[in-house]
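Dear colleague,

I am passing on the structure below, and I would be glad if you could look through it before reading my notes, which follow directly after it.

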Amino acid sequence: MEYVLETNNLEKRYKDFKALSHLNIHIENGSIYGLIGKNGAGKTTLIRIICGLQEPTNGNYTIYGTNNCSGNIASVRKRMGAIVESPSIYGEMSAKDNLIEQFKLVGMPSLDGIDELLKLVGLENTGKKKAKNFSLGMKQRLGIAISLASNPDFLILDEPINRT
């Protein structure tokens, strides 16, 4: 069985507060996994650790079979897209323009696939409406599209997006 993420007794402490305590999870390739818990349960801390924004206090984890102590963990993280807390969007831009900026930011060679991404998240009919005028749900969906634009390997569409 192939796992995209495995944690082994993962812990994170902030002085006397334990944000994560002996966390062991195994997320299979192709699965959808949700993190649900009360405030302070460690959901954001886990995401920050996996994204390399924080280091665990104890334990370890693997992403796509690569241990977090490995020298090439940064290259493995390039396959990931994440939204931590709230999406970073440009309020004065449309959904499409936000995706164009993300494509440029991550060095995509073309803008192919933007319309498919917008359709995937249900924002294909927003036109020139500025993101600052979106509902919270629309902003979250735009954040998901931006996250997916960071890594086209996660896109599951009827037809693959041509990135070359």
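Two strands are said to pair if DSSP finds at least two bridges between them, and the elements themselves are DSSP runs, numbered from the N terminus, with helices being H or I of at least four residues and strands E of at least two. Please keep in mind that this is a predicted model, in which local features need pLDDT of at least 70 and side-chain atom pairs count only at pLDDT 80 or more, while totals for chains, interfaces and linings use all residues. Residues are numbered from 1 along each chain as its sequence is written, and side-chain values use heavy atoms, with hydrogens and water left out.

Strand 1 (residues 3-14) pairs with strand 2 (residues 17-23) in the antiparallel sense, over four bridges, and leucine 10 stands opposite leucine 23 of strand 2. Within strand 1 is asparagine 9, which has a positive phi of about 50° although it is not a glycine. Its relative accessibility is 35%, so asparagine 9 counts as partly exposed, a class that lies between buried (under 20% relative accessible area) and exposed (over 50%), using a 1.4 Å probe and protein chains only.

The hairpin of these two strands has two residues between them, and there lysine 15 takes a positive phi near 55°, again without being a glycine. Lysine 15 counts as exposed because its relative accessibility is 81%.

Turning to helix 3 (residues 95-105), the buried residues include Ala95, Asn98, Leu99, Ile100, Gln102 and Phe103. After helix 3 comes glycine 107, whose phi is positive, near 80°.

With kind regards
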